[in-house]
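Let's take a walk through this model together, one neighbourhood at a time. Keep the viewer open beside you as you read.

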Amino acid sequence: MNSPLQNLLPYWWILLIVVMLLGYKWILRFFGVVLIPQDSIGIVDKKFVLLGSKRALPEGQIVALNGEAGVQADTLAPGLHFFLWPWQYRVTTQMFLLVPQGRIGLVESRAGVPLPQGRVLAKKVECDSFQNTRAFLTGGGERGSQITVIPPGTYRINTEMFTVEAADALEIPSAGVGVVTTKEGKSLPTGDIAGPEIANHSMFQDGQAFVDAGGYKGLQTQVLLAGRYFIHPKFATVEVKPLTLVPIANVGVVIAYVGAPGKDVTGEAFKHGNLVNKGERGVWIDVLDPGKYPINPYTHSVEIVPTANVVLNWANDKSEAHMLDKNLSTITVRSSDGFKFNLDVSQIIHIPRSDAPKVIARFGNMMNLVTQVLEPTIGNYFRNAAQHSDVIDFLKTRQERQIEARDSIRAAVEQYNVGAVDTLIGDIDPPDALMKTLTDRKVADQQRVTYQTQQQAEDERTKLQKASALADTQASVVSAERRVSIADYDAQSTVKKAQGEANARVAQAEAEARTITLTGDATAARTKAVGAAEAEVVKLKIASMEAGNFAMIETAKALAGATVKWVPDIVAGGSGANDSSIGTLLLANLLKGQMAK
């Protein structure tokens with residue numbers, strides 16, 4: 001019966017293949033063959049030298065360039081390499097160095113020329129991003145931290161020669177600006193605070209180009225704009241600052257602390273400071289209009305000057321958004337009658353765009369303008385004005401005071417290139433005792449007005465009652481008025497009728513008078529004629545009678561014409577008188593006969 005081992009003997013070659021597959025590296029290595037994977041390099045350490053004089057490395061050198069014993073400068077690329085006998089060479093497999101996106105590789109060399117005194121970073125050497133150690137060493141590469149960084153990517157770097165530390169790349173946000181301070185370069189001249197702008201160094205990413213171009217160590221005038229930068233943090237530190245914002249309705253006046261000494265461009269008329277052209281040291285005459293600017297805040301300062309109207313409040317706990325009046329308070333004044341009182345004042349000012357640099361050259365900033373000019377000018381004006389008036393008069397003439405203050409303050413601040421638009425008096429806080437007096441007076445006035453109003457109401461109520469009574473008697477009044485009108489019409493009718501009748505009577509009287517006149521005239525004429533005729537007859541009778549008889553006859557006629565009975569109708573007579581009675585009767589009859597004629 002065969003044993004299990006005997007049963008496996010026909011398959012020995014399979015076992016050999018498995019052993020070879022599992023230990024091929026050791027087998028190849030035994031025969032001096034080294035297989036380097038596709039993602040790695042081989043670092044060779046030569047243990048000894050069989051022949052030749054260069055058996056040991058020169059003093060201070062740790063990497064072999066000429067086959068000396070030790071770590072070899074050249075690495076093994078991926079693939080098969082022969083004649084690397086394991087008893088003479090030790091080969092270490094090292095994966096490719098990966099620098100991920102958003103990071104950089106900071107390289108430090110273990111070998112090379114010692115750094116010169118005063119340098120902190122080794123100079124740049126062309127060595128294919130430190131993948132060619134031989135080129136680095138033969139090119140004068142220096143020992144220590146290298147000024148050159150390697151960007152994101154995959155590299156075949158001999159880690160026995162170089163150590164690589166990953167660091168974050170520099171990110172400047174869109175709303176920021178990078179302020180750079182370098183640690184390599186020449187020392188700044190005395191009196192300078194920042195190095196001038198240097199060209200062709202890829203925004204401080206090529207440190208060696210910066211140094212070779214004469215760059216200065218320390219703060220730099222040039223800034224970094226938004227973006228990603230591969231800057232060695234040991235070469236330069238970058239501080240991110242916000243962009244300088246010049247708001248709408250404002251301008252920015254630039255004060256430069258670097259640059260060539262500027263020449264004043266204002267002339268002899270302006271004697272309160274120098275204004276220089278852009279790029280020179282001093283206050284720039286050209287202002288920044290509204291917008292965002294990448295200004296280095298350590299080399300340039302920008303003073304914001306409002307070009308719109310600015311309101312400043314002299315009032316406690318009241319300040320505008322610009323905060324220029326945050327230190328202003330209510331003005332305390334003393335009146336001519338000895339009272340102290342407080343008043344709030346608002347001053348509106350305006351600074352023209354062209355005068356903004358002059359204001360900054362004179363005062364340095366807007367806050368100094370307020371504290372050095374506006375605050376004392378306005379405060380003193382109202383203190384002086386109050387001394388010439390009592391409190392009550394000040395209250396009553398508030399509008400006039402505002403106009404006077406506006407004109408006076410405008411003239412006072414005009415010489416400082418500031419326009420005073422208006423001066424407004426706010427709350428006035430008189431003394432409590434005076435306020436009580438004024439309040440009592442006002443209450444009395446209001447009471448008087450109330451009483452007058454009530455009296456007017458009573459008068460109106462009386463008028464209303466009269467009107468109501470009049471309305472109630474209106475019908476009677478109308479009836480009476482109608483009766484008066486009718487009576488008036490009747491009287492007028494009577495008058496008219498009387499006038500008519502009078503006129504009629506006058507006319508009738510005139511007619512009758514005329515008739516009488518005419519009749520009288522006719523009668524007179526007839527009478528005259530008759531009289532004349534009768535006179536003629538009388539004359540004739542006289543002529544025929546005796547004068548005594550004629551007179552008796554005429555007397556008898558006259559008596560006969562009277563209405564008196566001279567002869568009784570019945571005569572009773574006695575004896576002895578018959579002759580005279582008969583005579584009388586005859587005379588009477590005669591008279592009647594004459595009268596009949």
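**A walk from the core to the pocket**

Start at Leu343, which is in contact (heavy atoms within 4.5 Å) with Trp314, Thr330, Ile331, Val333, Phe382, Phe394, Ile425, Asp427 and Ile428, leaving aside its neighbours within four places in sequence. Before going further, please note that this is a predicted model, in which local features need pLDDT of at least 70 and side-chain atom pairs count only at pLDDT 80 or more, while totals for chains, interfaces and linings use all residues. Residues are numbered from 1 along each chain as its sequence is written, and side-chain values use heavy atoms, with hydrogens and water left out.

Leu343 belongs to the largest nonpolar core, a set of 44 residues in which Leu312, Leu343, Leu369, Leu374 and Phe382 have the most contacts. A nonpolar core here is a set of buried Ala, Val, Leu, Ile, Met, Phe, Trp, Tyr and Cys residues joined through side-chain atoms within 4.5 Å. Buried means under 20% relative accessible area, exposed means over 50%, and partly exposed lies in between (1.4 Å probe, protein chains only). Helix 7 (residues 366–386) gives the most to this core, with ten residues. Helices (H or I, at least four residues) and strands (E, at least two) are DSSP runs, numbered from the N terminus. There is also a second, separate core of 16 residues, which includes Cys127, Phe130, Phe136 and Ile150. In soluble globular proteins, nonpolar side chains tend to be buried together.

Next comes helix 6 (residues 356–363), which is mostly covered, with seven of its eight residues buried. Those seven are Ala356, Pro357, Val359, Ile360, Ala361, Arg362 and Phe363. What do the buried residues of helix 6 pack against? Their partners are strand 18 (250–256), strand 20 (275–276), strand 21, strand 23 (300–306) and helix 7. After helix 6 comes Gly364, which has a positive phi near 95 degrees.

Strand 23 also holds His300, which counts as buried because its relative accessibility is 13%. The His300 side chain makes a polar contact of 2.8 Å with the side chain of Thr299. Such a contact is a pair of N or O atoms within 3.5 Å; within protein, one must be able to donate a hydrogen and the other to accept it, and residues adjacent in sequence count only if both atoms are side-chain atoms. Not counting residues up to four places away in sequence, His300 touches Thr221, Val254, Ile255, Ala256, Tyr257, Val258, Trp284 and Ile295.

On a 1 Å grid over the protein atoms alone, a pocket is an open set of points where a 1.4 Å probe fits, with protein on both sides within 12 Å along at least five of seven lines; lining residues have an atom within 4 Å of a point. Of its 27 lining residues, Glu197, Thr221, Gln222, Val258 and His300 are the closest to the centre. Strand 14 (218–224) and strand 21 (280–284) are the elements that give two or more residues to this lining, and strand 14 gives the most, with three.

Finally, visit Asp45 in strand 2 (residues 40–46). Asp45 is buried, with a relative accessible area of 17%, and its side chain is joined to that of Arg90 by a polar contact of 2.3 Å.
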